Amino acid sequence: MSARFPDLEGKVVLITGGGSGIGAHLVRGFAEQGAAVAFFDIADEPSRALEQELKQAGHQVAYQHCDLTDIPAVQAAIVQVRETFGPIGVLINNAAHDERHDFQDVTPEYWDQRFAVNLKHQFFCAQAVHDDMKQLGGGSIINMGSTSWIIGMGTMPCYTTAKSAVEGLTRSLARALGPDNIRVNTVLPGWIITKRQEELWLDAAGEKKILDNQCLQRQLKPDDLLGPILFLASDAAAACTNQRFIVDGGWV
Ligand SMILES: NC(=O)c1ccc[n+]([C@@H]2O[C@H](COP(=O)([O-])OP(=O)(O)OC[C@H]3O[C@@H](n4cnc5c(N)ncnc54)[C@H](O)[C@@H]3O)[C@@H](O)[C@H]2O)c1
C-alpha cells in the first residue's frame, strides 16, 4: 500500500496505455486512492481483465479501446470519459512503444509512426483535457519521458528522440497552462522491470548492468514510480510544475 493522498479521492484520472506494464500499476494505484480512473489501450484482453478485477473490488474504473495514434479517436474517447465520470483533473500520458530499430533501417514512414506512438498523443490528450481542468480550477498533467536519451541508448533512435521531445512538450505546456493552475511535469523512469522488459530484454548482462550503474542495488519495479506519480498528481505537489523527476535508482 502506498502513501495516501486524500485529495485524489473522487478525482477523475485518465491514464493512457493503462492496460499493462507501468500503466496498469498506475491504474490500480489511483483506483486504490479512491479516484475514478479511465484508461485507454489497444491490448483489450489484459485491459478488460484489469477493469473487471478493479470493478469487482468496488473501484470506479472504465477501460476504452483507443489507438492513441488515431487522434480523432482519442478526442472522441476523451469526450466519452467526461460523459462517464465528469471533468478530468489528472492526465497521465503514459503510453509508448520502445521497439528497437537500427538507425539505417528507419524510413520516413517508420519515423512518423514512432513519433505518433511516443509523442503526438501526449500533446493532443493535454489539449483535449484543458477545458476540464480549467473548469475544475486546476489540474495535473504528467508526461512519461525516459532516461534512455540522457544515458545515450543507441538502439532505438526514434524512440529516444521522441522521449527527449517530451521534455520540450512539458516545458512548453507548463508555461502555457500555468495561468489556469494546470501543472505539467515529466517523470523519467530509468530501467523499470515489467513483465515485457523481463521477457524481451532482461538477461544476465542486463542484470549486471543494473547493479553496475544504479546506486540502488536492486531492480526497479512499476511500484517505484507509483509514489512519485501520486505525489505529482496530488495537491501535495501544488507548486511543482515545469519539472523533470527522474526515478532511476541513481543510474550513473
Ligand atoms: N519500462 C521501462 O523500463 C521504461 C523506461 C523508461 C521509460 N518508460 C516509459 O514508461 C511508460 C510505460 O512504459 P512500460 O514499460 O509500461 O511500457 P509497455 O510497452 O509495457 O506498456 C505500454 C502500454 O501502452 C499500450 N500502447 C502501446 N501502443 C498503444 C497505442 N497505439 N494505443 C493505445 N495504447 C498503446 C500498450 O498496449 C501497453 O499496455 C512509457 O511511456 C515508457 O516509454 C518505461
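## The ligand and its surroundings

In this predicted model, 26 residues surround the ligand, and the closest are Ile 22, Asp 41, Asn 94, Tyr 159 and Ile 192, where a residue is near a molecule if one of its heavy atoms lies within 4 Å of it. Local features need pLDDT of at least 70, side-chain atom pairs count only at pLDDT 80 or more, and totals for chains, interfaces and linings use all residues. Residues are numbered from 1 along each chain as its sequence is written, and side-chain values use heavy atoms, with hydrogens and water left out.

The residues of this shell divide into 13 nonpolar, nine polar and four charged; here Ala, Val, Leu, Ile, Met, Phe, Trp, Tyr, Cys and Pro count as nonpolar, Asp, Glu, Lys and Arg as charged, and the others, Gly among them, as polar.

The table lists polar contacts, that is, pairs of N or O atoms within 3.5 Å.

| Residue | Part with the N or O atom | Distance to a ligand oxygen atom |
|---|---|---|
| Asp 41 | side chain | 2.6 Å |
| Asn 94 | backbone | 2.7 Å |
| Arg 196 | side chain | 3.2 Å |

Taken alone, the ligand exposes 830 Å², and the protein buries 92% of that, with accessible areas coming from the Shrake-Rupley method with a 1.4 Å probe. The elements that give two or more residues to the shell are helix H1 (21–32), helix H5 (157–177) and helix H6 (195–200), each helix being a DSSP run (H or I) of at least four residues, numbered from the N terminus.

Conventions:
Polar contact = N/O pair within 3.5 Å; in protein donor to acceptor, adjacent residues only side chain to side chain.
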